[in-house]
Amino acid sequence: MSKSAWKRAGVALTAVAVITGVAGCQDGDDKAGAPAQGHGDVTKVIQAAYEKTSAAKSAKVKMTMTLEGVGAESGTMEMTGVQGWAPAAMDITVKGSMLSAGGPDAPEQMRMIMLDQVMYMDMGAKQAAEMDGKRWMKLDMKAAGDASGDAAVQKQITGGLDNMNQDPAQQLALLLESPDLKHIGAEKINGMETEHYKGTLTFEQMLKANESSKLLSKEEHDKLVATMKKAGLKGYDTELWVTADGYPARMDVDMTMAQGAVNMRADYSDYGTKAAVEAPPAKDTVDLFEMMKDFGKEAGQG
């Protein structure tokens, strides 16, 4: 495999790492049940928003992530497009300084499609010229996990996919677990009249509310909590703006750790919009997993 081809692969893997990192920070699980009751009138509003958002199954989204205080890894990432849940699907365009972590060959922006647990990345015309005219890089992460033969790796990859599929309804379910959930007041967001809510969850509370954490053994659970405490993560500050129609217009999630801070903002609109996500034609696609296997064979023969 050519050196330039591996540069393309490096860019693709960097983009996937950023996307899964953004979604993974949100935690949550698309199989979680309805949120628990409590918090009086505030709960009723957010409970209703949860039910309406779950039923919508898709929306347009603009998400911005800012990572501060962690040296070279600091930067911004913006994702714009359509997200679907039930079934999970995504068609977004990614841009921002964090994408340039792939090196000088990294594109200024990248379209990414996720469908049936497979990620497709548009590497652009320049890269396609060096890949037999194929501009799409395919990464079947579930297949990669299965091929590893390592249960821990499989769980990590599958969990990353689950988090990537995270929909706003589950964020509402998690927010309702906050013991200090409160109504802030009326506020105009993106030209819409909304009501502003806020709550905080500790990492332990997030784990308790997260259905996928039940797959962890006690040893894994305790190790994860210890790791997060060592990193200085105290909790997740979540803010929510709900429109008069009962849908989330914006969600902010902020996390502060010893080494820096992560801030995420997601603006939603057009709930129920058709998430017509389609995989690119096979003739225009290069399978990254197969490329890596072929490289391993070549290395073994060398």
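## Basis of the model

The structure is a predicted model, in which local features need pLDDT of at least 70 and side-chain atom pairs count only at pLDDT 80 or more, while totals for chains, interfaces and linings use all residues. Residues are numbered from 1 along each chain as its sequence is written, and side-chain values use heavy atoms, with hydrogens and water left out.

## Overall composition

The protein contains nine helices and 12 strands. These elements are DSSP runs numbered from the N terminus, with helices being H or I runs of at least four residues and strands being E runs of at least two. Of the 302 residues in the protein, 44% are buried; buried denotes under 20% relative accessible area, exposed over 50%, and partly exposed the range in between, with a 1.4 Å probe and protein chains only.

Among contacts in the protein with a separation of 6 or more, 60% are between residues 24 or more positions apart, a contact being heavy atoms within 4.5 Å.

Helix α6 spans residues 168–175 and is mostly covered, with eight of its eight residues buried. The buried residues are Pro168, Ala169, Gln170, Gln171, Leu172, Ala173, Leu174 and Leu175.

Four cavities of 30 Å³ or more are present in the structure. A cavity is a set of points, on a 1 Å grid over the protein atoms alone, where a 1.4 Å probe fits but cannot get out; lining residues have an atom within 4 Å of a point. Grid points are joined across faces, edges and corners, and a volume is the space filled by probe spheres set on the points. On this basis, the second largest cavity has a volume of about 80 Å³. Its lining comprises 11 residues, and Gln171, Leu174, Leu201, Met206 and Thr238 lie nearest its centre. Helix α6, strand β8 (192–202) and strand β9 (235–243) each contribute at least two residues to this lining.

The lining of the second largest cavity consists of six nonpolar and five polar residues, with no charged residues. In this classification, Ala, Val, Leu, Ile, Met, Phe, Trp, Tyr, Cys and Pro are nonpolar, Asp, Glu, Lys and Arg are charged, and the others, Gly among them, are polar.

## Strand pairing

Two strands are taken to pair if DSSP finds at least two bridges between them. Strand β1 (residues 58–68) runs antiparallel to strand β2 (residues 75–84), and 10 bridges join them; Lys60 has Val82 of β2 as its bridge partner.

Strand β4 (residues 109–115) pairs with strand β3 (residues 89–95) in the antiparallel sense over seven bridges, and with strand β5 (residues 118–122) in the antiparallel sense over four bridges. Met112 of β4 is the bridge partner of Ile92, and Met112 in turn has Met121 of β5 as a bridge partner.

## Loop residues

Strands β4 and β5 form a hairpin with two residues between them. Asp116 lies in the loop between these strands and has a phi near 50°, a positive value in a residue other than glycine. At 64% relative accessibility, Asp116 is exposed. Asp270, in the loop between β11 (261–269) and β12 (285–287), likewise has a positive phi of about 50° although it is not a glycine. Asp270 counts as partly exposed, at 44% relative accessibility.

Pro107 is located in the loop between β3 and β4 and is buried, at 16% relative accessibility. Its C-alpha atom is separated by 9.5 Å from that of Asp122, 15 residues apart along the chain. Gly232 occupies the loop between α8 (218–230) and β9 and is partly exposed, with a relative accessible area of 23%. Not counting residues up to four places away in sequence, Gly232 touches Thr256, Met257 and Ala258. Gly232 and Met255, 23 residues apart in sequence, are 9.9 Å apart in space, C-alpha to C-alpha.

Conventions
On a 1 Å grid over the protein atoms alone, a cavity is a set of points where a 1.4 Å probe fits but cannot get out, and a pocket is an open set with protein on both sides within 12 Å along at least five of seven lines; lining residues have an atom within 4 Å of a point.
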